[in-house]
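Hi everyone, thanks for making time today. I'd like to walk you through one model, with the cut-offs stated as we go.

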Amino acid sequence: MSRRHIFHAVCYNLQLIGVKDMYHSKKQWLYPETNPDDVTRLQNELNISAQLATLLVQRGHQDVEAAKAFLYAEEELVFHDPYLFEQMEKVVTRIKQAADDGEMVLIYGDYDVDGVSASSVMWHALTEIGVMAECYIPNRFTEGYGPNKEAFQWAANEGFTLVITVDCGISGIEEATLLKDLGVDLIITDHHEPKETLPDAYAIIHPHIDSGYPYDKLAGAGVALKVAHAVLGRMPEELLDLAVLGTIADLVPLDGENRLLAKKGIAALEASKRPGILALREVCGLGDSVLNEESVGFAFGPRINAAGRLDSAMPALQMLLAEHVEEALELAKQLDKQNKERQDIVKTIAAEAKELVEASMTEDRVLVVASEKWNPGVVGIVASRLVEAYYRPVILLCHDPETGKAKGSGRSIDGFDLFKELSKNEDILPHFGGHPAAAGMTLQSEHVAELRERLNRQAEFIPDDVFVPRVNVDLKLSVNDVSLDLISEIGKLAPFGMGNPSPRVVVADAKLRDIRQIGRDATHLKVQLAGDKRELDGIGFGFGHVVSEISKMAHISVMGSLQVNEWNGMRKPQLMIQDLRVDDFQVFDYRGKKKSMQELKDLPKDQTSFLSFRGTNEDFPLHEGDEPLNRFVVLLDLPDDEEVLAEKLHEGIERIYCAFGQGDSFFERLPSREDFRTYYVHMATCERKNLRENLIRLSKERKWSKNTIQFMHQVFSELEFLVTMEDGLPGVNPEAPKRDLTEAPCYQRRIGRQQLEERFVYASLAELKERLQSLRSNKMQEAYT
């Protein structure tokens, strides 16, 4: 499905739900239905606002007790007993045996935030009970994801008798068999999607495959925390600041036990004196800030991830385990530097990947893009950006010519289970793992093209509407509804993340008080929306281009998230814009703005009609014939009759650019009766041979323009006062009957045009839009009746 097809699908679906926006939103806004009785019950029982009650119902908390538990998780919820895992007692016994016998235990982790934080949680728990534990994180570039035989062979050679994996998959069947043959016990702790065949391990702690455990959405760090809880015989509150890093960064649903972990973890993170956390605060510029889920997702997480994306992830783990601030700060600065490098690399790869897509894959439903030049550590990030740009599942792979293999990551969209679809291709995918929305994989380079073909064939059975970009909107508000109290109420749902997203709101049909570009390169947008009682500022990063596409008289609907803007001691609501649209046709004012003509020339030619009722304009390609006008219409001049203009204003027009009033023909004075008398006397009395010469002299004296002379001549001709003589020059008709000037058709048209010009050219923009809207509405009503 091409971007063109997707665009048309979006427009079609918008028409189905009755939306005809004249600046199109980038996604379809979906409003979930809620039972008003459920909302009222929660509102009354919990003494909360209707908006908060609506959000709770939308998140599946219709029951009062469930809603109360969600709102007040720290008071209402407790961590589940870790021994509900069937094999937890076996795991604890084996770990304590290792402590008693002085065995060497290897914690084998992963190179992302979840893997690093899970490793640190496990290390702290084991060393506290006296285990001689070391951590090992494989190198993404030389070893790849998950367990590998070389590393396990090394562990056995070094004398490790127990290996505990954290967050590195559950598909290493051959590796587990090797370790068993080497006489080393293997405990797997994980949360990724399991396959039908499980590794032959000493024990497995995995919430997806253990039906006895009541919550199956823990991240790798959460699973490690459960093991720590069991090993220590208490919930290790002091490790929550580490466990929350992986829980939030790995995008697991923040409900149930994860919500409790996240809430307590963020509080622990805020109060943490751990050198690694303090160092992260400093390099992220968050020293005095109150930490929240965004601090993890957009500040701490990317820096911890950067190490494993560009090189070894061990510096990130060492930073979290550091005992001294100086050591931690040095490592944090290294991570910060790597993160900046990672950002540059992502930008370059994203541009190259988009070029490849545009060159040959615009019709694909699943984008599979590969290159030898790319860094496999960042392709997951780039894949996410391409999903956002094209709204299709994306897999980015890096060819390694030395090994003949391609390694990479995929990201998907709602309705396309990437893990499930990849599982249908195990014959050419020897190594892969992940979730419905994300996956990592390694395959032979020669099979990349086949994988692309297969996934696209599989995608043909996915309904078309899955590939239409959409977004769920939680609340529809007016400007008057938005207040600091409302934002405070919404904040009770935090922390936000997967399964509990930050509420999206639409501020609908708002008056536009101001709209302008901001930022050093004018790429960002600031708007001021007005209601009857309040005003609301909105900021849209990367939306600066819409300023030229939205009229200042437009009523706009804006979708985004609400936050509090604190500046200079003042606090007020602010909307962070994610999308916007105009629901009515727009009028843009270019009257008399000669310097703005280039802006009109830059309008998309295939969507714009340049309309001249006089049929002449050298600067623009004029619309000709009776074909319907395009979505955008530029009025270069006005007709003599308002009805002629009304005939052109059909329903499909979204924008009208009023560019009339620019030439000398506008506002031209209507000749007076004295002018007409003087001209007539001249024609009647002047010698024929001097007719033209004397007319030039007279026009200068009377300040007549060429148009004025032509007009007076046409009036007299239509009244038959002037006729063409034998010498080819005009002359007075002595037999002409007495008639008034107003009887001439051209004089009537000129009067009509002058009145039309006065109504349209002198009108304010608001009056102009109202008149055009009235003409358009009347004509549409006639068409329907």
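**A helix and its surroundings**

Let's start with a pair of helices: H13 and H16 cross in a right-handed way; a crossing is called left-handed if the near helix is turned anticlockwise from the far one by less than a right angle, and right-handed if clockwise. Before going on, please keep in mind that this is a predicted model, where local features need pLDDT of at least 70, side-chain atom pairs count only at pLDDT 80 or more, and totals for chains, interfaces and linings use all residues. Residues are numbered from 1 along each chain as its sequence is written, and side-chain values use heavy atoms, with hydrogens and water left out.

Two packed helices are described by the angle between their axes and the distance between the axes. For H13 (residues 275-283) and H16 (residues 325-360), the angle is about 45 degrees and the axes are 8 Å apart. Here axes are lines fitted to C-alpha atoms, for helices over the stretch in contact, and angles run from 0 to 180 degrees between N-to-C directions. Helices (H or I, at least four residues) and strands (E, at least two) are DSSP runs, numbered from the N terminus. H13 and H16 are therefore oblique to each other, given that angles under 35 degrees count as roughly parallel, over 145 as roughly antiparallel, 65 to 115 as roughly perpendicular and the rest as oblique.

Who meets whom? On the H13 side we have Pro275, Gly276, Ala279, Leu280, Glu282 and Val283, and they meet Val325, Ala328, Leu329, Ala332, Lys333 and Asp336 in H16, with contact meaning heavy atoms within 4.5 Å. By class, this contact has eight nonpolar, one polar and three charged residues; Ala, Val, Leu, Ile, Met, Phe, Trp, Tyr, Cys and Pro count as nonpolar, Asp, Glu, Lys and Arg as charged, and the others, Gly among them, as polar.

How many of the nine residues of H13 are buried? Seven are, so H13 is largely enclosed by the rest of the structure; buried means under 20% relative accessible area, exposed over 50%, and partly exposed in between (1.4 Å probe, protein chains only). The buried ones are Pro275, Gly276, Ile277, Ala279, Leu280, Arg281 and Val283. Their cover includes H11 (240-249), H12 (256-271), H14 (293-310), H15 (314-321) and H16. Just after H13, Gly285 takes a positive phi of about 70 degrees.

Now to the cores. The largest nonpolar core has 77 residues, and Ile95, Leu126, Leu245, Phe300 and Met319 have the most contacts inside it. Such a core is a set of buried Ala, Val, Leu, Ile, Met, Phe, Trp, Tyr and Cys residues joined through side-chain atoms within 4.5 Å. Helix H10 (residues 220-232) gives the largest share, nine residues.

One last stop, for contrast. Ser561 sits in strand S17 (residues 555-567) and is buried, at 15% relative accessible area. Leu484, in helix H20 (residues 484-490), counts as partly exposed at 29%. Beyond four places in sequence, Leu484 is in contact with Val564, Arg571, Lys572 and Pro573. That's my tour; happy to chat!
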